[in-house]
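Here is a structure to read through a set of terms. For each term, ask what it requires and then check the values.

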Amino acid sequence: MDKPLLLDLNLELLNDCKWQCGGCHVATKGQDGFSGGDLARLNALADEFKSRGYRLNFLNITPTDFMVARNTLDILRDPGLRALIHKFDFWYLTSTFLAEPDEHQEEIIDVINRDYADTSLYFYVVMNPMKVLDEKYMQRIVEKKNRFISRLKTRSLRQFVIFNWYEYPDPRVMNAHRDYVNTSKWYRDHFSANQDYVMSFARKPEMRKYKDDFIKSIDWLNEVIATYVPQDNDLEQTSRLEALGEDSYTAYDFLNRRYTYRNGEFYYVPFLVACLVNFDEGLKVPLREWSVDEFERCEQELIVSQFNRLPEKPRCRDCGHVGKCVERQILHTLDVIGYDGCIAPLQQYQDQYKKW
Ligand code: SF4
Ligand code: SF4
């Protein structure tokens, strides 16, 4: 069976955020919608990806809380973005759901119900990793989230809890998150899936300087996945596949191409246990015409350059997983952080092989 190719686009458009979530390394300012003419070019590009056999999977309108970003309404009201969102299977918005109901939220609800009623809208709900066992805090978010989404009339609505993961030194927090199986029951009861982790810290410029923190965080996530998360637990993926009508597939039956758009530029998104959004020059897709050929050519060059640098990586050179790591741009990430150890999610790889 040929693997379907999925295109996932992360659009860094929203500006400003008044929260200070633990572990957040988002540049909350500095992106402001689309550069001149980009939205028309992006619509044409999406059409070309589709005509070349890519399935337009999801659009993520990011990086800040859409409820408090100052340009959410301008963006959602743009007919060009409306057209783009309608080309994709799903779109995502992110929020803490901490904001009190106000006029701004009412206007957002009106726009979504008017312009996006026939779309599948999913929410990432950012929660504080330090409060994973604080039921009062969690209940407050659930109530606000339920109140907001009960007003929406889109074709499909799902919500996924995410934690910004970083190195949390408090052992009680680490242990609470290690108790993944038990805590995930609570999240599954109140959201569409179990909790998940995002690596916001990967957004830091000059990641090399933070190599030690990065490695610790990755090791922790890999440990949780390998030791505490049961197999077949990727409920967000499962949920997405069900909604796609592809419930006979698993998350491993697809090839994902993931790119981030920010201020007129595109960047590849490496994938470890989660997406690593980073604006390193080496991940930038050089575009002149905004064509699929340019994306594919650049992808090939990135693959070849990772293989070419294998002799400098004795550990990876003799490893049976090297193809998978190159495809996920993990070897490139090792270069970005200046590390010659292993950061790959080996348990995920093994589960994947079992499914083939
Ligand atoms: S994680 Fe998101 S909601 Fe929280 S402070 Fe950062 S940008 Fe804002
Ligand atoms: S990062 Fe780890 S799994 Fe990947 S090729 Fe290197 S040693 Fe192998």
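Q: Which residue in β6 stands opposite Ile162?
A: Asp196 in β6 stands opposite Ile162. The model is predicted; local features need a pLDDT of at least 70, side-chain atom pairs count only at pLDDT 80 or more, and totals for chains, interfaces and linings use all residues. Residues are numbered from 1 along each chain as its sequence is written, while chains are lettered from A and ligands numbered from 1 in the order in which they are written.

Q: What makes β5 and β6 a pair?
A: Strands pair if DSSP finds at least two bridges between them. Three bridges join β5 to β6 (residues 196–198). The two strands therefore count as paired, and they run parallel. Strands themselves are DSSP runs of E with at least two residues; helices are runs of H or I with at least four; both are numbered from the N terminus.

Q: How do you know that β4 and β5 pair, and in which sense?
A: β4 (residues 120–127) and β5 (residues 156–164) share eight bridges. Their sense is parallel. One point to look at is Phe123, which stands opposite Gln159 in β5.

Q: Why is the crossover from β4 to β5 called right-handed?
A: Point the strands away from you. The crossover is right-handed if the path from the first strand over the helix to the second then runs clockwise. Here the chain goes from β4 through helix α5 (residues 135–149) to β5, and this β-α-β crossover is right-handed.

Q: What is the order of the strands in the sheet?
A: Nine strands run in the order β6-β5-β4-β3-β2-β1-β7-β8-β9. The sheet is open and its pairing is mixed.

Q: Why do β6 and β9 count as edges?
A: Each has a single partner strand, so one side of each is left without a neighbour in the sheet.

Q: What marks Asn263 in the hairpin of β7 and β8?
A: The hairpin has two residues between its strands, and Asn263 takes a positive phi near 45°.

Q: Why is Ser200 called buried?
A: A residue is buried if 20 or more other C-beta atoms lie within 10 Å of its own, exposed if 12 or fewer, and partly exposed in between, with C-beta atoms placed from the backbone. Ser200 has 24 within 10 Å, so it is buried. Ser200 sits in the loop between β6 and α8.

Q: Which residues is Ser200 in contact with, beyond its neighbours within four places in sequence?
A: They are Gly23, Cys24, His25, Val26 and Asn164. Contact requires the two C-beta atoms, placed from the backbone, to lie within 7 Å.

Q: Why is helix α13 said to be largely enclosed?
A: Seven of the eight residues of α13 (residues 330–337) are buried, so the rest of the structure largely encloses this helix. Its cover includes α8, α10, α11 and α12. After α13 comes Gly338, with a positive phi near 70°.

Q: Which residues surround ligand 2?
A: Arg315, Cys316, Cys319, His321, Val322, Cys325, Ile330, Cys342, Ile343 and Ala344 surround it. To be near a molecule, a residue needs its C-beta atom, placed from the backbone, within 6 Å of it. Two elements give two or more residues to this shell: α11 (314–317) and α12 (322–327).

Q: How does the shell around ligand 2 divide?
A: Eight residues are nonpolar, one is polar and one is charged. Ala, Val, Leu, Ile, Met, Phe, Trp, Tyr, Cys and Pro count as nonpolar, Asp, Glu, Lys and Arg as charged, and the others, Gly among them, as polar.

Q: Which residues come nearest to ligand 1?
A: Of 13 residues around ligand 1, Cys17, Trp19, Cys21, Cys24 and Asp65 come nearest.

Q: Where is confidence lowest and where is it highest?
A: The lowest mean is 55, in helix α9 (residues 235–243), and the highest is 98, in helix α3 (residues 79–87). These values are pLDDT, the predictor's confidence in each residue from 0 to 100. Where pLDDT is low, the predicted coordinates should not be read in detail. The protein chain averages 87, and 90% of its residues score at least 70.
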